[in-house]
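Subject: Handover of a structure

Hello,

I am passing a structure on to you, with notes on what was found in it. Please look through the sequence and the 3D view before reading further.

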Amino acid sequence: MKYRQLADTGVFVPELCLGAMTFGGVGQMWEVIGGLDQSAVDAIVHRALDGGINFIDTADVYSAGESEMMTGKALAGHRHDVVLATKVRGRMGKGPNQVGLSRLHIIEAVDASLKRLATDYIDLYQIHRFDPLTAVDDTLGALDDLVRAGKVRYIGCSNLPAWYLMKALAVSREQRLERFTCTQSYYSLAGRELEREMIPLLKDQGLGLLVWSPLAGGFLSGKFTRDAGDDTARRAKFDFPPVDKEKGFHILDVLTAVALARGATVPQIALAWILANDAVTSVIIGARKIAQLDDNLKSVEVTLSPDEVKALNEASKLAVEYPAWMDSLGSDRRPGESRY
């Protein structure tokens, strides 16, 4: 396993992170996504640790807290060997304040997560989504207090629009509050929207990128073709994240050709393409079976050639949107004139 630095923290995490969204099955959606019991969770977590993955990501909302409890049990005796991440934002009860990013909910939620995870600190605590009802300085102030109290080591975000992340960074700087070290965002060959604004922002501000759903919810697993699918696959029952199917099948054609030439699997090539991007810190992989995990682990051994990257880029490229297409126009600067 190879390791990359998490922003400027000095902390190193593996190129692959184990996602715990498949752990547990409380609620119809989570039963479809995962449904793993404790023995299956133990086996996957321990195999991941043996494979060099010392980074695990979960969330309080996954299976209504069951994922955190199972993760905590699986890590018994290994807690200090891993970088443990979880999230806050989703609804955790019927009460009006058991959701969101208010100080009230964050303080209650972190204590509940610590109890479920059977630990006294969380290495990376992330806000799960944007909360339009709570002032960002209120949220950041609460997170800053958690770091100072020793309950949280670092803070991160997930699924934010670029403008809001930049606003949060500015507030942290202005008020001398703990700032987000990374974002956890959707990115795959079938979903490259992150390249428009978020990745340039991350590079400019020196933040890390944790990628979720790198196989587009299983669409890039190799189980789906224009003529057939897999009725047992998660995407067959939970069609998420959204994918342009026609474009997606064209991407799969190229992925399959590269995989066959390499003697690799389609998922391994899809993951290797993401890891070839120097903006990426770690790719979150989820598994319901040991065989899936073992296959994904081999992706770190694949280094794509420039021609292979070019072919995959061409098949999956984004349509050029305003204001980006302005850059394709001829420059109005005089020869030798400075840009600024």
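This is a predicted model: local features need pLDDT of at least 70, side-chain atom pairs count only at pLDDT 80 or more; totals for chains, interfaces and linings use all residues.

Residues are numbered from 1 along each chain as its sequence is written, and side-chain values use heavy atoms, with hydrogens and water left out.

The whole chain

The chain has 12 helices and 10 strands. Both are DSSP runs numbered from the N terminus: helices are H or I with at least four residues, strands are E with at least two. The radius of gyration is 20 Å, close to the 20 Å that the globule rule gives for 340 residues, so the chain is as compact as a globular protein of that length. That radius is taken over C-alpha atoms, and the globule rule is 2.2 Å times the number of residues to the power 0.38. Along its principal axes, the C-alpha trace spans about 55 × 50 × 35 Å.

Of the 340 residues, 52% are buried. Here buried means under 20% relative accessible area, exposed means over 50%, and partly exposed is in between (1.4 Å probe, protein chains only). The chain exposes about 16,100 Å², and carbon and sulfur atoms supply 53% of that area. Areas come from the Shrake-Rupley method with a 1.4 Å probe; for residues, only the protein chains shown count as cover. Among contacts (heavy atoms within 4.5 Å) between residues at least 6 apart in sequence, 77% join residues at least 24 apart.

Helix H4 and what lies around it

Helix H4 covers residues 103–117. Its 15 residues reach 21 Å from the first C-alpha to the last, close to the 21 Å expected at 1.5 Å a residue; the expected span is 1.5 Å times one less than the number of residues. The buried residues of H4 are His-105, Ile-106, Ala-109, Val-110, Ser-113, Leu-114, Arg-116 and Leu-117. They cover an arc of only 160° around the axis, which puts them on the same side of H4. The arc is that of the directions from the helix axis to the C-beta atoms. Their cover includes helices H3 (66–74) and H5 (136–148), as well as strands S5 (83–88), S6 (122–127) and S7 (152–158). Just after H4, Ala-118 takes a positive phi of about 55°.

Strand S6 holds Gln-126, which is buried with a relative accessible area of 0%. Leaving aside neighbours within four places in sequence, Gln-126 has contacts that include Asp-57, Ala-85, Thr-86, Gly-156, Cys-157 and Leu-210.

Thr-134 lies in the loop between S6 and H5. Thr-134 is buried too, with a relative accessible area of 14%. Its side chain makes a polar contact with the side chain of Asp-131 at 2.7 Å. A polar contact is a pair of N or O atoms within 3.5 Å; within protein, one must be able to donate a hydrogen and the other to accept it, and residues adjacent in sequence count only if both atoms are side-chain atoms. Beyond its neighbours within four places in sequence, Thr-134 is in contact with Leu-101, Ser-102, Thr-139 and Tyr-164.

Backbone exceptions

Most residues other than glycine have a negative phi, and most peptide bonds are trans. Arg-89, in the loop between S5 and H4, has a positive phi near 155° and counts as buried at 11% relative accessibility. Ser-213 has a positive phi of about 50°; this residue is found in the loop between strand S9 (208–212) and H8.

The peptide bond from Phe-240 to Pro-241 is cis, with omega near -5°. Pro-241 is found in the loop between helices H8 (234–237) and H9 (245–262). The bond from Tyr-322 to Pro-323 is also cis, with omega near 5°, and Pro-323 lies in the segment after helix H12 (306–316).

Elsewhere in the chain

In helix H11 (residues 290–297), Leu-293, Asp-295, Asn-296 and Leu-297 are buried. Their cover includes strands S3 (16–19) and S10 (282–285), and helices H2 (38–50) and H10 (266–275).

Regards
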